[in-house]
Amino acid sequence: MAMKPPIRVAVTGAAGQIGYALLFRIASGAMFGADQPVILQLIEAPFEKAMKALEGVAMELDDCAFPLLKGIVQTDKPEVGFKDANWCLLIGAKPRGPGMERADLLKDNGKIFIGQGQIIDAVAAADARVAVVGNPANTNCMIAASQAKRLPAERFTAMVRLDQNRAQTQLAKKAGVDLTAVKDIFIYGNHSPSMFPSFAHATINGKPATSVITDTAWLQGPFCETVGKRGAAIIAARGASSAASAANALVDHVRSLVTPGAVHSIAVKSNGAYGFDANVWAGMPVRTTTPGSYEVITGYAMDDFAKSKLAATNKELVEERAFVADMIK
Ligand SMILES: NC(=O)C1=CN([C@@H]2O[C@H](COP(=O)(O)OP(=O)(O)OC[C@H]3O[C@@H](n4cnc5c(N)ncnc54)[C@H](O)[C@@H]3O)[C@@H](O)[C@H]2O)C=CC1
Ligand SMILES: O=C([O-])CC(=O)C(=O)O
């Protein structure tokens, strides 16, 4: 296979839990394909412990002898790490602990995304794309995008793919079918318990999911709740927030975004579709058009139940935005 020139992939929080589960998969080709070499530009917080841990991760990457890995940058300076980056994966942020909601992280983590948004806009490649994972991911993405003058807002997306993957598995288990039989399950709104996994448009073996799973009370109740609160359930079980599944979801998020025709959920700047306030970043169904670009799939009809779920998650996003309004001026 003919090799392409390497692309530069900047990753913040590279020595953290998610970073450790992610970098090896990027370097192996899972994110950008088996013919796409990468240079990893790893960014950590300016603390000795974090930089030392990063050194260890870079040593392990070396020790994998990945043919696609053409270079590793280790830095605590975002202006170095984001320089000429084609993809900026923003993971570095505090995770929540037991008893917290993701929005509780907003004031601490939000600040990180102001500086990073400005620096990415100043030094990243002309075609740069940004994917935000650090929580609360939607609003952090909105904050980063608010700082950009050169890069258009559509280049900034936040991850709701973990929620989509969780929802797909829950529907498959309930229906007793193979996971791959479940299609077109999309996540709307915030990456928080208010998110809406829109089961009414999902299909199972090509039939409407609601004709296969006829237990409407389960779909509206336990299904939405299980997906919405899965992150907390992982924290309760593991004592730490999800990491490998989050890294896997980011691989899927980016892989789908570079695959024309892929239909998937990402959080994007709202243009008013599905009643979301303009200027919040909301999970929506999209179709990838050209690598890195997408169009929102509009026109899914919403019943009263769906409308009330969409309104609730929109309200939360608007409140989060108001909470950081002074930061993004
Ligand atoms: N959107 C989603 O679906 C998910 C989001 N998350 C979020 O991802 C974030 C990271 O989670 P973990 O890797 O588990 O946390 P972690 O604490 O293991 O790692 C975070 C890393 O970020 C680094 N960091 C902190 N500030 C930084 C900065 N300004 N620049 C560069 N690096 C910085 C820390 O030194 C640390 O190594 C958390 O906010 C977590 O809540 C986690 C799971 C799913
Ligand atoms: O719940 C958390 O804090 C981590 C996360 O975002 C998830 O697992 O969905």
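His191 is found in the loop between strand 8 (187–188) and strand 9 (196–197); helices (H or I, at least four residues) and strands (E, at least two) are DSSP runs, numbered from the N terminus. This is a predicted model: local features need pLDDT of at least 70, side-chain atom pairs count only at pLDDT 80 or more, and totals for chains, interfaces and linings use all residues. Residues are numbered from 1 along each chain as its sequence is written, while chains are lettered from A and ligands numbered from 1 in the order in which they are written.

**His191**

- An unreviewed UniProt entry gives His191 the annotation "active site". UniProt positions are given in the numbering used here, feature names are shortened, and annotations may be inferred rather than shown by experiment.
- Is His191 buried or exposed? His191 is buried, because 30 other C-beta atoms lie within 10 Å. A residue is buried if 20 or more other C-beta atoms lie within 10 Å of its own, exposed if 12 or fewer, and partly exposed in between; C-beta atoms are placed from the backbone.
- Two residues are in contact if their C-beta atoms, placed from the backbone, lie within 7 Å.

**The listed binding site**

- For "binding site", the unreviewed UniProt entry lists Arg96, Arg102, Asn135 and Arg166.
- Arg96 sits in the loop between strand 4 (87–90) and helix 4 (106–123). Arg102 is placed in the loop between strand 4 and helix 4.
- Arg96 is partly exposed, with 18 other C-beta atoms within 10 Å. Arg102 is buried, with 24 other C-beta atoms within 10 Å.
- Leaving aside neighbours within four places in sequence, Arg96 is in contact with Arg102, Asp104, Leu105, Asn135 and Ser241.
- Not counting residues up to four places away, Arg102 touches Arg96, Asn135, Pro136, His191 and Ser192.

**Ligand 2**

- Which residues surround ligand 2? They are Pro95, Arg96, Arg102, Asn135, Leu162, Gly231, Ala232, Ile234, Ser241 and Ser242. A residue is near a molecule or strand if its C-beta atom, placed from the backbone, lies within 6 Å of it.
- Helix 9 (residues 230–238) gives the largest share of this shell, three residues.
- The shell around ligand 2 divides into four nonpolar, four polar and two charged residues. Ala, Val, Leu, Ile, Met, Phe, Trp, Tyr, Cys and Pro count as nonpolar, Asp, Glu, Lys and Arg as charged, and the others, Gly among them, as polar.
- Domain 1 (7–158) and domain 2 (161–323) each provide at least three residues of the shell around ligand 2. Domain bounds come from an automatic or database domain assignment.

**Ligand 1**

- Ligand 1 is surrounded by 29 residues, and the closest are Gly13, Gly16, Gln17, Ile18 and Gly92.
- The largest share of this shell, three residues, comes from helix 1 (residues 17–28).
- By class, the shell around ligand 1 has 15 nonpolar, 11 polar and three charged residues.

- The centres of domain 1 and domain 2, taken over C-alpha atoms, are separated by 23 Å.
- Their contact takes 32 residues from domain 1 and 29 residues from domain 2.
- On the side of domain 1 that touches domain 2, helix 5 (137–146) is among the elements that each supply at least two residues. Helix 5 gives the largest share of that side, six residues.
- By class, that side of domain 1 has 21 nonpolar, four polar and seven charged residues.
- The unreviewed UniProt entry places "domain: Lactate/malate dehydrogenase C-terminal" at residues 161–320. The span 161–320 is 45% helix and 18% strand, and its end C-alpha atoms lie 21 Å apart.

**Leu22 in helix 1**

- Leu22 is found in helix 1. Leu22 is buried, with 27 other C-beta atoms within 10 Å.
- Leu22 and Ser245 are 223 residues apart along the chain, yet their C-alpha atoms are separated by 9.6 Å.
- Not counting residues up to four places away in sequence, Leu22 touches Val11, Ala247 and Leu250.
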